[in-house]
Amino acid sequence: MAYYIKYKGEFLGRDGTAWQVELLEEADAPFGEAGTLTFEADEPLLLEWEERGKEETVQGCMATLRLESPGDRTYEGLYSVEPCRVRMDVRREGLLYWQGTLDTEFYEEPYERASLYPVSLKFSDFGVLGRLKYDLAGMQDLQAILDYCLRRAGLELATDQTLISTSFPGDSAPLRL
C-alpha cells in the first residue's frame with residue numbers, strides 16, 4: 001500500500017509565506033480528486049517542538065491543524081483508522097517542511113451546529129512510536145533502526161548523512177550509520 005492525497009489546501013502565513021498542506025491516507029489505490037481544506041483564520045497550523053537538550057538528537061514535534069468542517073462529521077473517516085494510516089505533509093514555499101501522522105486519540109469535533117464548525121486535528125512525527133511494539137530482532141546497524149522507526153511512524157523521509165563528521169583516524173571518509 002502507498003499514501004495517496006485525500007485532502008489538500010493552501011494558506012498564507014502572516015509574513016506572506018505560502019504554506020501547502022496535504023492529508024494523505026494509506027490505501028491500495030488513489031482516491032480520485034482530493035477534497036479541499038478550508039482553514040481556520042487565526043492559526044490554521046501550529047507546530048510545537050519539544051524542549052530538548054543540545055545533546056539529544058531527536059526533537060519531536062506536534063502539529064495542530066485547525067480546519068472548518070463543511071458538514072457534519074466530514075473528517076470522521078480520518079480518525080477512525082489505525083495509527084499511522086493518515087499522514088500530513090506540510091510544504092513551505094513548495095519545499096517539504098514537516099511530516100507527521102494523525103494522532104487519532106486527540107480528534108475533537110464540537111456538536112454545536114451541523115456545518116461550518118472548527119475541527120482540530122493533531123499530528124505527531126515520532127510520538128506514535130511510544131505506543132508501538134518494537135519488534136526488530138538480532139544485530140542491527142543504526143541505519144536499519146532509523147529506517148525501521150521512520151517506516152513504523154508512517155514517515156517517508158530520507159536520512160541526510162552529509163553532516164556526519166565522525167571518522168576513524170587516518171581515514172577521511174565519515175562513518176556510515
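Tutor: What follows starts with the overall fold, moves to the spaces, and ends with the packing of side chains.

This is a predicted model. The protein has 177 residues, of which 33% are buried. It contains 2 helices and 8 strands. Along the sequence they run β-β-β-β-β-α-β-β-β-α. The C-alpha trace spans about 70 × 40 × 30 Å along its principal axes. Take the contacts between residues at least 6 apart in sequence: 59% of them join residues at least 24 apart.

Now the spaces. Rolling a probe the size of a water molecule over the atoms shows where empty space is left. The largest pocket has a volume of about 780 Å³. Its lining counts 25 residues. Thr57, Val58, Phe126, Leu146 and Thr159 lie nearest the centre of the pocket. Two elements, β5 and α2, each give two or more residues to that lining. Helix α2 gives the most, with 5 residues.

A search of the whole structure finds 1 cavity of 30 Å³ or more.

Pro83 sits in the loop between α1 (76–79) and β6. Its relative accessible area is 47%, so Pro83 counts as partly exposed. Between Pro83 and Gln99 there are 15 Å in space, C-alpha to C-alpha, and 16 residues in sequence.

Leu102 is one of the contacts of Leu121, leaving aside neighbours within four places in sequence. Leu121 belongs to the largest nonpolar core, which has 25 residues. Leu23, Leu65, Met88, Leu121 and Phe123 touch the most other members of this core. Seven elements are listed as giving two or more residues: β1 (2–12), β2 (18–27), β4 (45–49), β5 (61–69), β6 (86–92), β7 (95–102) and β8.

Helix α2 returns with the aromatic rings. The structure holds 5 aromatic pairs. In one, the ring centres of Tyr134 and Tyr148 are 5.4 Å apart and the planes meet at 85°, so the pair is edge-to-face. Tyr134 is in the loop between β8 (117–124) and α2 (142–152), while Tyr148 is in helix α2, 14 residues apart. Tyr148 is buried, because its relative accessible area of 6% falls under 20%. Tyr134, at 47%, is partly exposed.

Elsewhere, ring pairs link Phe11, Trp19, Phe39 and Tyr97 into a cluster. Charged side chains also meet rings. Lys6 lies over the face of Phe31, at 5.0 Å from the ring centre. Arg87 lies over the face of Tyr3, at 4.6 Å from the ring centre.

Definitions and conventions. Residues are numbered from 1 along each chain as its sequence is written. This is a predicted model: local features need pLDDT of at least 70, side-chain atom pairs count only at pLDDT 80 or more; totals for chains, interfaces and linings use all residues. Side-chain values use heavy atoms; hydrogens and water are left out. Rings of Phe, Tyr and Trp (its six-membered ring) pair if their centres lie within 6.5 Å; planes under 30 degrees apart count as stacked, over 60 as edge-to-face and the rest as tilted. Helices (H or I, at least four residues) and strands (E, at least two) are DSSP runs, numbered from the N terminus. Buried means under 20% relative accessible area, exposed over 50%, partly exposed in between (1.4 Å probe, protein chains only). A charge sits over a ring if NZ of Lys or CZ of Arg is within 6 Å of the ring centre and within 35 degrees of the ring normal. A nonpolar core is a set of buried Ala, Val, Leu, Ile, Met, Phe, Trp, Tyr and Cys residues joined through side-chain atoms within 4.5 Å. Contact means heavy atoms within 4.5 Å. On a 1 Å grid over the protein atoms alone, a cavity is a set of points where a 1.4 Å probe fits but cannot get out, and a pocket is an open set with protein on both sides within 12 Å along at least five of seven lines; lining residues have an atom within 4 Å of a point. Grid points are joined across faces, edges and corners, and a volume is the space filled by probe spheres set on the points.
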